[in-house]
Amino acid sequence: MVVGDVIFDRYSTVAIQGLTSKNRIISGRFLGEETQAGGSLAVYRHLREFAPKTCLVGLVGCEPWVNPLLRGSLSRSGDCLIRNGSYTSILKQRFVEPVSEGKELSKVFSVNYLQEGEIPASLERAVLARLRRLVPRADAVLVMDFGHGLLTPAVREYLQKHAPLLVVNCQTNSNNFAFNLINRRYHRADAFALDSAEIHLAAGKKEIAFEKELERLARQLRSRYAWLTRGSVETLGWTPKGGFVRCEPLAKVVVDTVGAGDAFISLATLGVARKLPLDLITLLGQLAGAEAVGIIGNERPVSKAGILKGALSLLS
């Protein structure tokens, strides 16, 4: 079961023409655009490839473009979303240049369409009612907290008290920078993953020892598994009994890093639910991340075939 902010990612492709003569602003010619399932919806799609009974709890508005996108991303049994006309569906629009083969996607700037602050009390009650019905039936709950208002204190407290297995991914972005810290918002996470910026913010220090801070954070949250993903450097994993493991990045080509962490935590959650060894879970997460960085945004989910292909390439 996935609980979190549903985000739609719109990629608007432009050909940069240069600077305007009077105002020195970037001028571009519009070429086309595509809107994709992102945020918790992207994570749901990853998980559904391996666990077909996965369901998604989140909020969307009633904009005319929303349901056609959802129909292509959600199964009927997995659709546990709450739709409300007063809610603004979260849309993150990125203006990008055309993709060049073998190069990372070049992003020019982005515009976010979202409501500030937490959801109103009426929507919070609806979310809690949905969770009370579904959480007791779940094997594991993966919280995707992007800091966009769904995960209110009451919602977080309910999940921490009642989820049979709670995996948390509490992300930092431009909208919530320094205000969406896992150790400020959660006191329980059976497993979690965070990146370099997030662990620095959680520690409140510019210079840190990554191993020490990851273990300290994991013990504070009473975690059985913890990961620090460091992009092109390495991924560091920890368990109380097994200590640390390291795994280097496995991607040969990087097109777009958006969604790589989401893919990692999706596969890691499956491994935690199956109580797999830390080193194997970390490898599976890295394989998922390697496949994800070869995809523009969340154009498609990671797949069993892609994971197996990546694993076989390591043996050749």
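**Exercises on salt bridges and a helix pair**

Glu-211, Arg-230, Glu-234 and Arg-246 are joined in a network of salt bridges, a salt bridge being a side-chain nitrogen of Lys or Arg within 4 Å of a carboxyl oxygen of Asp or Glu. The model is predicted, so local features need pLDDT of at least 70 and side-chain atom pairs count only at pLDDT 80 or more, while totals for chains, interfaces and linings use all residues. Residues are numbered from 1 along each chain as its sequence is written, and side-chain values use heavy atoms, with hydrogens and water left out.

**Exercise 1.** Classify each partner in the salt bridge of Glu-213 with Lys-205 and in that of Arg-300 with Glu-291 by its accessibility.

*Solution.* In the pair of Glu-213 and Lys-205, the closest N and O atoms are 3.6 Å apart. Glu-213 has 5% relative accessibility and therefore counts as buried, whereas Lys-205, at 44%, counts as partly exposed. In the pair of Arg-300 and Glu-291, the closest N and O atoms are 3.3 Å apart. Arg-300 has a relative accessible area of 43% and is partly exposed, while Glu-291, at 13% relative accessibility, counts as buried.

**Exercise 2.** Describe how helices α8 and α9 pack, and what classes of residue make their contact.

*Solution.* Helix α8 (residues 260-273) and helix α9 (residues 278-292) pack at an angle of about 150°, and their axes are 7 Å apart. That angle makes α8 roughly antiparallel to α9, a term for angles over 145 degrees. Next, look at the contact, meaning heavy atoms within 4.5 Å: among the residues that make it are Phe-264 and Leu-267 of α8 and Ile-281 and Leu-284 of α9. Sorted by class, the contact has ten nonpolar, five polar and no charged residues, with Gly among the polar ones.

How values were computed
Axes are lines fitted to C-alpha atoms, for helices over the stretch in contact, and angles run from 0 to 180 degrees between N-to-C directions. Helices (H or I, at least four residues) and strands (E, at least two) are DSSP runs, numbered from the N terminus. Angles under 35 degrees count as roughly parallel, over 145 as roughly antiparallel, 65 to 115 as roughly perpendicular and the rest as oblique. Buried means under 20% relative accessible area, exposed over 50%, partly exposed in between (1.4 Å probe, protein chains only).
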